[in-house]
Amino acid sequence: MERYYQPEIETLPYEKIREIQNEKIVKQVKHVYENVAYYRNLMDEKGVKPEDIKSVDDIKKLPFLTKADLREAYPYGLLGTDLKNCVRIQSTSGTTGKRVVAFYTQHDIDLWEDCCARAIVAAGGTNEDVCQVCYGYGLFTGGPGLNGGSHKVGCLTLPMSSGNTDRQIQFMMDLNATILCCTPSYAAYIGETLAEKGYKPEDNKLKAGIFGAEPWTEEMRREIEKSLGIKAYDIYGLTETSGPGVAFECSEQRGMHINEDHFYAEIIDPETGEVLPEGEKGELVFTSLDKEAFPLLRYRTRDICVLTREKCSCGRTHVRMSKPMGRSDDMMIIRGVNVFPSQIETVLLNEGYTPNYQIVVDRENNSDTLDIYVELSADQFSDKMAETQKREKVLTDAMRAMLGIGPKIHLVAPKTIVRSEGKAVRVIDKRKLHD
Ligand code: DLL
């Protein structure tokens with residue numbers, strides 16, 4: 001039987017959710033206008049006053065916020081309350097440019113942890129579970145978010161943080177962990193290491209995994225489920241909106257329910273900013289509905305996905321988002337063709353390769369090059385040249401069929417591609433270095 005952390009909210013009829021959203025948005029916009037000068041200026045420039053926002057239907061009148069705004073306003077420019085009311089800061093990894101810092105009051109932490117608790121219960125978590133959290137702890141939101149959610153559910157929480165895979169496995173086996181929380185790439189690595197140590201999938205007590213923070217394909221899901229003997233659930237979120245738990249998967253595993261009582265989602269055309277109807281693919285935009293310290297109105301996530309209100313068999317009524325197909329800025333344009341890393345991962349796993357790969361894009365003689373380094377498993381590895389060449393040809397053809405362009409495939413020996421303990425770095429775009 002499906003269980004919920006907050007059934008009274010998670011299964012509320014759509015009209016009722018809408019009522020809650022309408023009530024909250026009026027207050028949230030007023031809160032922002034009165035306390036965040038940066039956004040007040042944007043609203044004034046657009047000629048929008050808080051009184052113009054009477055329901056979520058009016059959200060489209062509001063200006064967008066982008067990552068560039070967050071950088072410009074760094075560190076305190078978007079703060080919605082006195083610093084003395086804040087109890088926590090979290091931050092993005094800052095791989096591209098200046099870090100984004102997000103602030104939280106105790107109220108904000110509480111609702112964030114509720115969102116994570118909903119995700120854990122949806123994955124079957126109860127107070128009888130042992131929840132091993134191996135997302136990074138510290139400034140990254142993964143560890144603290146799932147840790148807080150796990151406490152709320154009453155699970156016995158193992159605050160492992162990421163890395164030290166031998167110790168992860170020792171704790172997992174000795175303390176009978178039943179739920180694993182980490183990035184999908186780290187889950188794959190843990191699965192691989194367990195096998196190397198001679199454990200079979202049925203030797204561990206894990207039943208579920210809650211994996212997110214990076215794009216992963218359905219093929220990757222099946223691979224992880226097989227290697228760990230679990231059901232793997234997706235979880236989505238971003239630092240700017242609080243962290244993991246903005247949306248999460250239920251037993252149906254067909255899209256992630258967005259916690260709509262806290263976040264209002266829109267899909268827009270990334271080029272024109274126009275709001276698209278349900279079912280169309282575009283950029284996901286979030287408006288927080290009840291945040292105090294770091295409220296964001298119409299924040300452009302750059303994640304590309306689709307929303308659906310189709311009925312879900314789990315009984316939850318909140319809108320579902322598809323797996324993000326990568327960020328709009330993850331998309332590589334190679335010889336004029338749009339290529340997403342997820343397409344490459346799909347082909348590799350379908351063709352029976354491991355999820356250990358690296359994509360290198362470069363430019364030679366004014367033409368883009370695409371090299372894909374694919375690690376062979378011990379069974380696949382062969383020192384016969386002809387066999388390797390045959391494999392490379394088959395894989396190149398499969399890639400060309402999916403991508404529309406032919407990459408250069410390099411099959412490399414087992415254990416030569418570096419494993420990830422957090423977010424995997426799949427793409428190295430050397431063209432940017434030359435620009
Ligand atoms: O990655 C928060 C998080 C932690 C989510 C743990 C899930 C689990 P950031 O570091 O700010 O926050 O990165 C946010 O990661 O805009 C997406 O592009 C990507 N992302 C997050 N979850 C998923 C997912 C955390 N389930 C950015 N699938 C987002 C695909 C995801 N991409």
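**Entry 1: H257**

I began with H257 and listed its contacts (heavy atoms within 4.5 Å). Setting aside neighbours within four places in sequence, I found H257 in contact with V246, A247, F248, C250, C312, C314, R316, H318, V319 and R320. I note at once that this is a predicted model, in which local features need pLDDT of at least 70 and side-chain atom pairs count only at pLDDT 80 or more, while totals for chains, interfaces and linings use all residues. Residues are numbered from 1 along each chain as its sequence is written, and side-chain values use heavy atoms, with hydrogens and water left out.

I then placed H257 in strand β9, which spans residues 256-258. Helices (H or I, at least four residues) and strands (E, at least two) are DSSP runs, numbered from the N terminus. I recorded H257 as buried because its relative accessible area is 1%. The scale I used is buried under 20% relative accessible area, exposed over 50% and partly exposed in between, with a 1.4 Å probe and protein chains only.

Which backbone atom does the side chain of H257 reach? I found the backbone oxygen of H318, at 2.8 Å. For polar contacts I kept to pairs of N or O atoms within 3.5 Å; within protein, one must be able to donate a hydrogen and the other to accept it, and residues adjacent in sequence count only if both atoms are side-chain atoms.

**Entry 2: Nonpolar cores**

I turned to I258, leaving out residues up to four places away in sequence, and listed V246, A247, F263, A265, F286, L307, H318, V319 and M321 as the residues that I258 touches. A nonpolar core is a set of buried Ala, Val, Leu, Ile, Met, Phe, Trp, Tyr and Cys residues joined through side-chain atoms within 4.5 Å. The largest such core has 52 residues, and Y39, L78, Y236, I258, L284, F286 and M321 touch the most other members. I also noted a second, separate core of 24 residues, with M160, M172, Y186 and A188 among its members.

I located E283 in strand β11 (residues 282-288). Is E283 buried or exposed? I counted E283 as buried, since its relative accessible area is 2%. The side chains of E283 and R300 are joined by a polar contact of 2.7 Å. The E283 side chain also reaches the backbone nitrogen of R302, at 3.0 Å. Beyond four places in sequence, I listed E266, I267, I268, P270, R300, T301, R302, D303 and I304 as contacts of E283.

R302 itself lies in strand β12. I recorded its phi as near 75 degrees, a positive value in a residue other than glycine.

**Entry 3: Y299**

I found Y299 in strand β12, which covers residues 299-305. Y299 counts as buried because its relative accessibility is 1%. With residues up to four places away in sequence left out, Y299 touches L65, T66, K67, L70, L238, E240, L284, V285 and F286. I also checked Y299 against E387: the two are 88 residues apart in sequence and 51 Å apart in space, C-alpha to C-alpha.

**Entry 4: Loops**

I placed L276 in the loop between β10 (263-268) and β11. At 16% relative accessibility, L276 counts as buried. I listed I267, I268, D269, K281 and G282 as its contacts, leaving aside neighbours within four places in sequence.

In the loop between α4 (67-72) and β1 (86-91) I found P75. The peptide bond from Y74 to P75 is cis, with omega near -10 degrees.

I then looked up N366, in the loop between β17 (357-364) and β18 (367-375). N366 counts as exposed, because its relative accessibility is 77%. Its phi is near 65 degrees, a positive value in a residue other than glycine.

**Entry 5: The ligand**

Which residues come nearest to the ligand? Of the 21 residues around the ligand, I noted D234, I235, T239, D303 and R327; a residue is taken as near if one of its heavy atoms lies within 4 Å. Strand β7 (residues 231-238) gives the largest share of this shell, 5 residues. By class I recorded 9 nonpolar, 6 polar and 6 charged residues in the shell. Here Ala, Val, Leu, Ile, Met, Phe, Trp, Tyr, Cys and Pro count as nonpolar, Asp, Glu, Lys and Arg as charged, and the others, Gly among them, as polar.

I recorded a polar side-chain atom of T239 at 2.5 Å from an oxygen atom of the ligand. An N or O atom in the side chain of K423 is 2.8 Å from an oxygen atom of the ligand. A polar backbone atom of E214 is 3.3 Å from a nitrogen atom of the ligand. Taken alone the ligand exposes 620 Å², and the protein buries 96% of that; the areas come from the Shrake-Rupley method with a 1.4 Å probe, and for residues only the protein chains shown count as cover.
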